[in-house]
Amino acid sequence: MRHAAISGWGMAVPERILSNSDLERMVETSDEWIVSRTGIKERRVVGPGDSTTSLAVAAARQALDRAGLAADQIDLIVVATCTPDQFLVSQACLVQAELGGNAGAFDLGAACSGFVYALSTASQFVQTGCHERVLVIGVDTLTRFVDYTDRTTCILFGDGAGAVVLEATDEPRGLLSTVLGADGAGAKHLYIPGWGAYVPESAALLAEPRPHLQMNGQEVFRFAVRVMGEAAGAAVERAGLTFADIDMLIPHQANARIIDAAARTLDLPRDKVWMNLDRYGNTSAASIPIALHEAEAAGRLREGDNLVLVAFGGGLSWAAGVVRWGTAGVCRDPECRGRGGAATG
Ligand code: ACO
């Protein structure tokens, strides 16, 4: 059976740091409140020179370098984002224009669950034999839609991008199981209004230069605690494993209390749970690939390790999967790493 190993990974965040003390000067809040309720100390925020494209391209270049591949060896680019730079064309085509090559390119929208949805989709192109090498990017610049007078949301979000390269292997590597779910009835709890083809009738909304993210924090919190545990548990079971076999939980980085609750449900000790939200906040679709990149850089991921990725987000949506880390069986010979999507381009 073919599998889709993760053979390259990368991340990018903007240079500008927005700390809790910066926020104390903008809204009525405190470092103590933010840290105790969320675990976040600072986040990265896009500046004038940054864009969803620039972050995605920087992360993608690192992932390609790590895999030892050029852009024209990639067959397909899948970008998970809910904050594309424009709606026509796709974010994936904007990324490809910078990287080069003629890979197929499309976007996938599942908010903060987007990277795991995209990993699952992309893995299937490789597992079925349709493609050999796929670039998967999770990127968001949600701070462009944050209301910096609303203390209940502006403390949470940061910007960033993470990317992985998937390559075919006969060894059991990459995604071993997938759980995807959504509850559209919960869409009203987390959304950005009026940023699409539908023209809302509210004159006030139309007058806004840019709509702001709306969130019912308590509702999302309850939902997240429930689905993180359930989805992660189902993914482990579908992989034919138990939590004793799991080396690391890499959860969506939204709130330390949500992650702690999920870890307790799954009976995982804290040292098996990767958390970096203190430095980045919630980077939406980027949070899991950024966490993967940092866990590897810290020497915490070894060949053959079993990782659980689990996310929740707008939709409401959720996604989980077991990933077996490593590149066993991936062909490094230039002969079998020919040109990518250009063959039919
Ligand atoms: N500073 C100080 N006080 C605050 C702040 C703040 N930044 N924000 C809210 N408060 C106040 C509230 O006004 C309230 O005051 P009151 O009791 O006088 O009315 C009090 O703190 C408690 O508010 P709660 O909303 O009950 O606070 P809670 O403990 O639920 O924490 C939070 C709020 C952090 C938003 C939490 O609900 C949460 O993390 N929810 C999940 C959000 C999330 O993960 N969203 C991203 C989803 S992923 C995606 O797709 C984008």
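A polar contact here is a pair of N or O atoms within 3.5 Å; within protein, one must be able to donate a hydrogen and the other to accept it, and residues adjacent in sequence count only if both atoms are side-chain atoms.

First, the ground rules. This is a predicted model, where local features need pLDDT of at least 70 and side-chain atom pairs count only at pLDDT 80 or more, while totals for chains, interfaces and linings use all residues. Residues are numbered from 1 along each chain as its sequence is written, and side-chain values use heavy atoms, with hydrogens and water left out.

Now the ligand contacts. A backbone N or O atom of R151 lies 2.9 Å from a ligand nitrogen. For R37, an N or O atom in the side chain is 2.7 Å from a ligand oxygen. For Q218, a polar side-chain atom is 2.5 Å from a ligand oxygen. Taken alone, the ligand exposes 1000 Å², and the protein buries 76% of that. Those areas come from the Shrake-Rupley method with a 1.4 Å probe; for residues, only the protein chains shown count as cover.

What surrounds the ligand? The shell holds 26 residues, and the closest are T29, R37, C112, Q218 and N255. To count, a residue needs a heavy atom within 4 Å. Two or more shell residues come from each of α2 (31–38), α6 (151–154), α8 (217–238) and β12 (306–313). The largest share, four residues, is from α8. Helices (H or I, at least four residues) and strands (E, at least two) are DSSP runs, numbered from the N terminus.

Next, burial. Buried means under 20% relative accessible area, exposed over 50%, partly exposed in between (1.4 Å probe, protein chains only). Take β1, residues 3–12. Here 10 of the 10 residues are buried, so the strand is largely enclosed by the rest of the structure. Its partner is β7, residues 160–169: nine bridges join the two, and they run antiparallel. Pairing takes at least two DSSP bridges. H3 stands opposite T169 in β7.

Helix α11, residues 287–297, is also largely enclosed by the rest of the structure, because 10 of its 11 residues are buried. Among them are H293, E294 and E296. Just after α11, G299 takes a positive phi of about 75 degrees.

Last, D107. Buried or partly exposed? D107 counts as partly exposed, because its relative accessibility is 28%. D107 is found in β5, residues 104–108. From D107 to S202 is 95 residues in sequence and 29 Å in space, C-alpha to C-alpha.
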